[in-house]
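Reader: Could you take me through this structure, please?

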Amino acid sequence: MLAFSCLCLTFNPNCNRYSFKVIRLNGLVGVIITAIVYNLILRGIHKPPNTLLQFANESLHVILPIIGVLSWLVWGPFRRIQFNVIVGSFLSMLVYGIYIFIRGYLTNQYPYPFINVVRVGYIKALYAAGSVFVLFLGLALLLWAIDCFRRRI
């Protein structure tokens with residue numbers, strides 16, 4: 001989502017549509033969560049088998065999240081995060097979470113071991129998903145605060 005929002009900015013640097021703002025915020029929060037979850041929980045589980053995949057893995061879970069957040073901190077765009085954007089982002093992530101559980105129920109395949117209902121059960125899986133949603137909301141509010149602070153500069 002972050003890459004898509006950057007592509008949109010390439011063609012329209014003044015893009016101010018609500019859908020763009022939601023996608024941009026989802027992308028920013030998503031890469032931060034990707035870095036946190038992978039490096040704290042999944043790094044010990046996932047071992048890429050060769051150098052090329054190791055490079056791709058590190059790029060995806062460490063380098064790109066840092067570059068994505070730094071690029072937003074330096075170049076923006078700012079004044080794009082409002083409360084209604086946070087609500088839209090959270091609701092879209094909630095829909096995605098519901099989709100993951102429905103798809104997992106139908107296929108017995110879950111994208112992450114900590115929400116794999118077959119392995120950990122519904123209570124632990126829902127607790128883990130809830131924790132990610134709380135993290136999402138906290139990070140979205142933090143980015144909103146940074147955005148508000150940047151407006152004053």
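Author: The following conversation covers the overall fold and then the pockets. This is a predicted model, in which local features need pLDDT of at least 70 and side-chain atom pairs count only at pLDDT 80 or more, while totals for chains, interfaces and linings use all residues. Residues are numbered from 1 along each chain as its sequence is written, and side-chain values use heavy atoms, with hydrogens and water left out.

Reader: How many helices and strands does the protein chain have?

Author: The protein chain has five helices and zero strands; helices (H or I, at least four residues) and strands (E, at least two) are DSSP runs, numbered from the N terminus.

Reader: What percentage of the residues is buried?

Author: Of 153 residues in the protein chain, 37% are buried, meaning under 20% relative accessible area with a 1.4 Å probe, protein chains only.

Reader: Turning to pockets, what is the volume of the largest pocket?

Author: Its volume is about 660 Å³. A pocket is an open set of points on a 1 Å grid over the protein atoms alone, where a 1.4 Å probe fits, with protein on both sides within 12 Å along at least five of seven lines; lining residues have an atom within 4 Å of a point. A volume is the space filled by probe spheres set on the points, which are joined across faces, edges and corners.

Reader: Which lining residues are closest to the centre of the largest pocket?

Author: Of the 25 lining residues, I33, M93, Y96, Y112 and V132 are the closest to the centre.

Reader: Which element gives the largest share of that lining?

Author: Helix α2 does, with nine residues.

Key:
Buried < 20%, exposed > 50% of the residue type's maximum accessible area, 1.4 Å probe, protein only.
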